[in-house]
Amino acid sequence: MSQEELWEHIWEADADPFSNVIRMHISSLRRKLRERLGHDPIETKIGRGYRLNEEAAL
């Protein structure tokens, strides 16, 4: 899922699309998942967005 798709579905239309808020939330989510699962199941696909690695999630 791209940052643009996340932005369109989660934040209000008047929010600043150039903010780094999505990256900050992904970073926080990754930290919490590493603490809980012992690894990070979120993959960054450069130029495309984020993906949940199902194999790593199992």
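## Contacts across the chain

Two residues are in contact when they have heavy atoms within 4.5 Å. Of the contacts in the protein chain with a separation of 6 or more, 21% are between residues 24 or more positions apart. This is a predicted model, in which local features need pLDDT of at least 70, side-chain atom pairs count only at pLDDT 80 or more, and totals for chains, interfaces and linings use all residues. Residues are numbered from 1 along each chain as its sequence is written, and side-chain values use heavy atoms, with hydrogens and water left out.

## Elements and surface

The protein chain contains 3 helices and 2 strands, in the order α-α-β-β-α from the N terminus. Helices (H or I, at least four residues) and strands (E, at least two) are DSSP runs, numbered from the N terminus.

The accessible surface of the protein chain is about 4,900 Å², with 52% belonging to carbon and sulfur atoms (Shrake-Rupley method, 1.4 Å probe). Of its 58 residues, 22% are buried (under 20% relative accessible area, 1.4 Å probe, protein chains only).

## Asn-53

Asn-53 lies in the loop between β2 (49-52) and α3 (54-57). Asn-53 is buried, with a relative accessible area of 18%. Beyond its neighbours within four places in sequence, Asn-53 is in contact with Pro-41 and Glu-43.

Conventions:
Buried means under 20% relative accessible area, exposed over 50%, partly exposed in between (1.4 Å probe, protein chains only).
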